[in-house]
Amino acid sequence: MSRQMGDSHRRFLQTMMASGIIDESGAKALHQHCCETHSTQYAPDRLDDFIDTINSKLQPMFMQIRKGMSEDNGHQHYALVNMVENDVTRMSSDYADNELELFKKTMDLIVGSEDGKASSTDILNSTDSMTTKKLKKSEIENLLNRLVQDKWLSEKRGKYTLSTRCIIEMEPYIRAMYQDQVKVCHICHAIAFQCQICENPTCGIKIHNPCVARYFKGRTEPRCPACEDFWPHEIPEVRRPRSQSRR
Amino acid sequence: TSQVQRGLQKVTEAQVEQKTAEVVQYFLVKEQRKVPVRRADLVKHVLKEHRNIYPEILKRAARTLDQVFGLKLVEIDPKNHLYVLINNLETSEGAPPINSSTDPKRGLLFVILSVIFMKGGVVRENVIWNLLKKLRVDPGEKHEDFGDVKKVVTDEFVRQRYLEFVRIPHTEPVEHELRWGQRAEKEVSKSKILDVMGQLHDRDPQSWSQQYREAHSSQNSTQQPGSSSQR
Amino acid sequence: GKEKATQLFSDGAAFDPTAFTEHLLSIMGINRLEDAEDEQQNGGAVDGYLPQDAWHRVARRAECCFKAAPSFHYMFGSFHAEPPPPKQRIE
Ligand SMILES: [Zn+2]
Ligand SMILES: [Zn+2]
């Protein structure tokens with residue numbers, strides 16, 4: 001099934017290049033916009049087919065539009081990702097070598113932490129062991145801002161987490177590099193950072209906050225889906241995606 | 001070409017495809033900073049041992065860029081063999097539902113290119129610096145969006161080939177003049193600039209007769225609608 | 001300046017940079033100070049306050065003139081894959 005790409009697909013891909021990541025309702029609206037702009041037939045329920053067509057042509061370049069969930073609100077997102085590391089991909093000019101080393105150290109901190117977060121102080125301290133040119137404090141602050149702006153990290157009250165875009169693109173890398181530290185969500189099986197943990201010491205499964213909300217919705221006495229112990233955490237509300245009718 | 005044919009016989013189809021993919025990646029990576037790709041660098045850093053089949057691989061990469069990404073591979077400098085990517089797709093009429101971030105430097109570049117074009121193709125640097133000052137951009141000060149403005153204009157835009165910044169001979173103190181660079185000639189539409197000028201000044205673009213002729217005669221005016229869908 | 005610009009039509013030199021900057025400032029969303037008298041006394045230097053996104057507004061207006069290729073940005077593949085150093089924390 002080698003469906004051909006048209007200008008509507010190309011426009012969708014170009015917008016993905018410019019944005020990096022979009023949420024599901026954004027993707028739906030963009031799908032419609034691209035089809036209408038190029039007067040091609042628009043089938044609202046065929047977004048994933050539409051994206052598959054693009055992906056089949058992106059595959060030789062080891063690129064992909066990949067779907068994943070936001071740990072924050074549980075909404076589906078689409079990110080344009082790179083899937084290969086080689087001499088050419090390492091020529092990317094967005095970040096200098098020492099900036100990338102600091103990003104990697106930040107990732108080490110976040111993945112190695114209990115709560116999937118790293119404080120700016122921890123990140124500043126981690127530069128002591130840098131092998132590339134050391135960054136000044138102000139440079140680090142600028143870099144962290146840029147990483148947030150470029151949607152690789154998220155920040156809340158001085159604590160940094162991996163963004164949805166980062167998790168979607170880096171998931172295979174994180175699974176491979178942090179094998180013994182990373183845990184997956186018991187419900188959706190994706191890697192989990194922002195989550196609740198079963199307090200039974202022999203169990204200890206993780207569930208994303210939005211997955212908790214969906215799983216326990218309407219249950220009177222929440223019990224762990226693995227060990228059946230009482231689930232002692234506060235159950236968050238399910239967050240509805242914003243409506244699509246905006247313009 | 002017979003050399004290319006012979007070269008192709010020595011490599012597998014998979015190898016050719018892999019090199020093509022790497023060349024496409026290379027063009028995309030270089031476009032992050034809008035620095036043109038030098039053919040010599042492409043051969044040295046990417047093609048390496050496959051340099052003998054270079055024409056075939058470049059042809060395939062151009063096809064992929066066109067058919068998958070909607071981008072055109074353009075040689076802007078045939079003497080030095082410099083390449084850039086240009087968008088085949090027109091800016092859509094209706095606003096796209098995704099508000100992707102805009103680059104303020106694009107605004108700065110637009111202002112400079114417009115002035116050069118409206119002034120007949122070349123201006124002295126002082127014309128630009130004075131105009132920017134009125135827009136609260138002082139080349140002597142660090143600007144919030146642009147940092148060192150002088151560097152952005154005379155170095156970054158020049159390296160990207162949006163602008164040419166050339167010394168005027170026999171001037172004391174040294175003076176420079178600015179022209180459109182080779183990338184701008186391919187990437188920026190003079191007729192669209194003139195349209196925007198018309199809208200801003202509430203005036204018929206045709207009333208700038210000289211600029212109008214220039215905008216609609218140069219190869220720059222790629223006004224073939226739907227050209228990107230002719231595949 | 002506006003009238004001067006319209007007088008000189010159909011001549012290559014008819015472009016008036018002063019009028020152009022005025023139009024640009026209004027695209028940028030300039031917020032003029034109420035007291036126009038002061039400006040005159042400052043040797044015609046126009047005062048006023050530009051919003052933070054002033055140049056973004058110009059960029060958005062200019063978008064249609066550029067056939068710029070969007071660029072691809074990624075994190076995976078931009079550095080050497082390497083497992084983290086063994087954890088030193090006492091568990
Ligand atoms: Zn989950
Ligand atoms: Zn349990």
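Predicted model: local features only at pLDDT ≥ 70, side-chain atom pairs only at ≥ 80, totals over all residues.
On the chain C side, C:Trp55, C:Phe66 and C:Lys67 supply 22% of the area buried against chain B, more than any other three residues. The contact involves 44 residues of chain C and 54 residues of chain B.

Helix 2 (17-27) and helix 4 (54-62) of chain C are the elements that give two or more residues to the side of chain C that touches chain B. Of the elements, helix 2 of chain C gives the most to this side, with nine residues. By class, the side of chain C facing chain B comprises 27 nonpolar, ten polar and seven charged residues. The count of salt bridges between chain C and chain B is one. This salt bridge joins the side chains of C:Glu63 and B:Arg106, with an N to O distance of 2.9 Å.

Chain C also touches chain A, where 18 residues of chain C are in contact with 31 residues of chain A. The area buried between chain A and chain C is about 2,400 Å², and carbon and sulfur atoms give 64% of it. A:Met17, A:Glu85 and A:Met177 supply 21% of the area that chain A buries against chain C, more than any other three residues.

Across the interface of chain A and chain C, one salt bridge is found. It is formed by the side chains of A:Lys104 and C:Glu82, at 3.2 Å from N to O. Side chains of opposite charge can pair when their charged atoms come close. Twelve residue pairs are in polar contact between chain A and chain C, both members being at pLDDT 80 or more. Four elements of chain A, namely helix 1 (7-19), strand 3 (76-82), helix 4 (97-112) and helix 7 (164-177), each supply at least two residues of the side that touches chain C. The most comes from helix 4 of chain A, with six residues. The class composition of the side of chain A that touches chain C is 18 nonpolar, six polar and seven charged residues.

Over all chains, a search of the whole structure finds 31 salt bridges. One of these lies within chain A, where A:Asp7 pairs with A:Arg10 and the closest N and O atoms are 2.7 Å apart. Both residues, A:Asp7 and A:Arg10, lie in helix 1 of chain A and are three residues apart, about one turn of the helix.

Rolling a probe the size of a water molecule over the atoms shows where empty space is left. The structure holds two cavities of 30 Å³ or more. The volume of the largest cavity is about 50 Å³. Its lining consists of A:Met61, A:Met63, A:Asn82, A:Thr89, B:Gln25, B:Leu28, B:Val29, C:Phe72 and C:Tyr74. Helix 2 (residues 13-31) of chain B gives the most to this lining, with three residues. By class, the lining of the largest cavity has six nonpolar, three polar and no charged residues.

The second largest cavity contains about 30 Å³ of space. Lining it are A:Ser92, A:Asp94, A:Tyr95, A:Leu100, C:Tyr74, C:Met75 and C:Ser78. Four nonpolar, two polar and one charged residues make up the lining of the second largest cavity.

Among the open spaces, the second largest pocket has about 950 Å³ of space. The pocket is lined by 37 residues, of which A:Ser70, A:Asp72, A:Ser154, A:Lys156 and A:Thr164 are the closest to its centre. Two or more lining residues come from each of strand 1 (21-23), helix 6 (137-149), strand 5 (153-156), strand 6 (159-162), helix 7 and strand 7 (195-197) of chain A. Strand 5 of chain A gives the most to the lining of this pocket, with four residues. The class composition of the pocket lining is eleven nonpolar, twelve polar and 14 charged residues.

Key. Residues numbered from 1 in each chain as written. Chains lettered and ligands numbered in written order. Heavy atoms only, no water. Contact = heavy atoms within 4.5 Å. Buried area = accessible area lost by both parts, 1.4 Å probe. Salt bridge = Lys/Arg side-chain N within 4 Å of Asp/Glu carboxyl O. Polar contact = N/O pair within 3.5 Å; in protein donor to acceptor, adjacent residues only side chain to side chain. Nonpolar A, V, L, I, M, F, W, Y, C, P; charged D, E, K, R; others polar. 1 Å grid on protein atoms, 1.4 Å probe; cavity = no way out; pocket = protein on both sides within 12 Å on 5 of 7 lines; lining within 4 Å. Points joined across faces, edges and corners; volume = space filled by probe spheres on them.
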